[in-house]
Amino acid sequence: MDSDHLPVEHSLQDYLPRIESLLQALIQHARFALAFSIQKSASAPDDSEAPEYVVNFSGPDADLLLEKNAALLNAIEYVVLKAVRVEEDYFGKVSFDCQDWRQLRNEELRLTAQMAAERVIDTGDPFTLSPMSPRERRVIHLALKGHSQVLTKSEGMGAERKVVIVPANSLPPPARH
């Protein structure tokens, strides 16, 4: 295979101009009263799960993005990242936010995970959380990743997929081959 036909490797920064261009067109054509900025994330350098870039929205229509648990914000993020063909490996590295909603939601999810884990430890019974997006389920899994007394697993399909927190000693040992 000659070099003209090798797959092209993109860096995350290669996608930013396309994300910006598509968002400008989307906002203009939808007649949203919104502005946005794409900024390098201010997260701690040792936080490998944090996004590298955050697209922050502001303006008179910002509240529309946050209605119904930020359904429109999540939809715009998904459509834009898919439309500019961002590689799956980079999906978690670009986050769309508005009025710090995503940051506050992640804090809320981490607290929920801790409270649910305490309940599982106290009762010994599994605890099933409400259905969540893949990104939100990931926050729960990561929040309890190092917890020695509980484990997390995802159950269900599609929009009904949810995290179940179980006592660490309740799962059967892995099969040996």
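## A glutamate in helix H2

Glu 77 has its place in helix H2. The model described here is a predicted one. With a relative accessible area of 7%, Glu 77 is buried, because buried means under 20%. Leaving aside neighbours within four places in sequence, Glu 77 is in contact with Val 94, Ser 95, Phe 96, Arg 102 and Arg 135.

## The chain as a whole

The protein chain has 4 helices and 6 strands. Read from the N terminus on, these elements follow the order α-β-β-α-β-α-β-α-β-β. The chain holds 177 residues, of which 30% count as buried. Among contacts between residues at least 6 apart in sequence, 58% join residues at least 24 apart.

## Helix H3 and its surroundings

Helix H3 covers residues 101–123. At 1.5 Å a residue, the 23 residues of H3 should span 33 Å, and the end C-alpha atoms of H3 are 32 Å apart, which agrees. The buried residues of H3 are Trp 101, Arg 102, Arg 105, Asn 106, Leu 109, Ala 113, Ala 116, Ala 117 and Val 120. The elements that cover these buried residues include H2, strand E3 (94–98), strand E4 (127–128), helix H4 (134–143), strand E5 (150–155) and strand E6 (162–167). After H3 comes Gly 124, whose phi is positive, near 80°.

Thr 112 is also found in helix H3. This threonine is partly exposed, with a relative accessible area of 28%. The C-alpha atoms of Thr 112 and Ala 143 are separated by 9.5 Å, although the two residues are 31 residues apart along the chain.

## The second largest pocket

Which residues line the second largest pocket? They are Asn 69, Asn 74, Arg 105, Glu 108, Leu 109, Thr 112, Leu 129, Ser 130, Pro 131, Met 132, Ser 133 and Glu 136. The pocket has a volume of about 210 Å³. Helices H2 and H3 each supply at least two residues of the lining, and the largest share, 4 residues, comes from H3. By type, the lining divides into 4 nonpolar, 5 polar and 3 charged residues.

Glu 136, one of the lining residues, is found in helix H4. At 10% relative accessibility, Glu 136 counts as buried. Apart from neighbours within four places in sequence, Glu 136 is in contact with Trp 101, Arg 105 and Leu 109.

In soluble globular proteins, nonpolar side chains tend to be buried together. In this model, the largest nonpolar core has 25 residues, and Ile 19, Leu 23, Phe 57, Leu 73 and Phe 96 touch the most other members. Helix H1 (12–30), strand E2 (53–58), H2 and E3 are the elements that give two or more residues to this core. The largest share of this core, 8 residues, comes from H2. Apart from this core lies another, of 13 residues, among them Leu 109, Ala 117, Leu 129 and Val 150.

Leu 73 touches Phe 57, Leu 65, Leu 66, Phe 96, Asp 97, Cys 98, Trp 101 and Arg 102, not counting residues up to four places away in sequence.

## Positions with some exposure

Phe 32 lies in the loop between H1 and strand E1 (35–40). The C-alpha atoms of Phe 32 and Leu 64, 32 residues apart along the chain, are separated by 9.3 Å.

Two residues other than glycine have a positive phi: that of Lys 68 is near 50°, and that of Gln 99 is near 55°. Lys 68 lies in helix H2, whereas Gln 99 has its place in the loop between E3 and H3.

| Residue | Relative accessible area | Class |
|---|---|---|
| Phe 32 | 22% | partly exposed |
| Gln 99 | 47% | partly exposed |
| Lys 68 | 76% | exposed |

Lys 68 is classed as exposed because its relative accessible area is 76% and exposed means over 50%.

How values were computed:
Residues are numbered from 1 along each chain as its sequence is written. This is a predicted model: local features need pLDDT of at least 70, side-chain atom pairs count only at pLDDT 80 or more; totals for chains, interfaces and linings use all residues. Side-chain values use heavy atoms; hydrogens and water are left out. On a 1 Å grid over the protein atoms alone, a cavity is a set of points where a 1.4 Å probe fits but cannot get out, and a pocket is an open set with protein on both sides within 12 Å along at least five of seven lines; lining residues have an atom within 4 Å of a point. Grid points are joined across faces, edges and corners, and a volume is the space filled by probe spheres set on the points. Ala, Val, Leu, Ile, Met, Phe, Trp, Tyr, Cys and Pro count as nonpolar, Asp, Glu, Lys and Arg as charged, and the others, Gly among them, as polar. The expected span of a helix is 1.5 Å times one less than its number of residues. Buried means under 20% relative accessible area, exposed over 50%, partly exposed in between (1.4 Å probe, protein chains only). Contact means heavy atoms within 4.5 Å. A nonpolar core is a set of buried Ala, Val, Leu, Ile, Met, Phe, Trp, Tyr and Cys residues joined through side-chain atoms within 4.5 Å.
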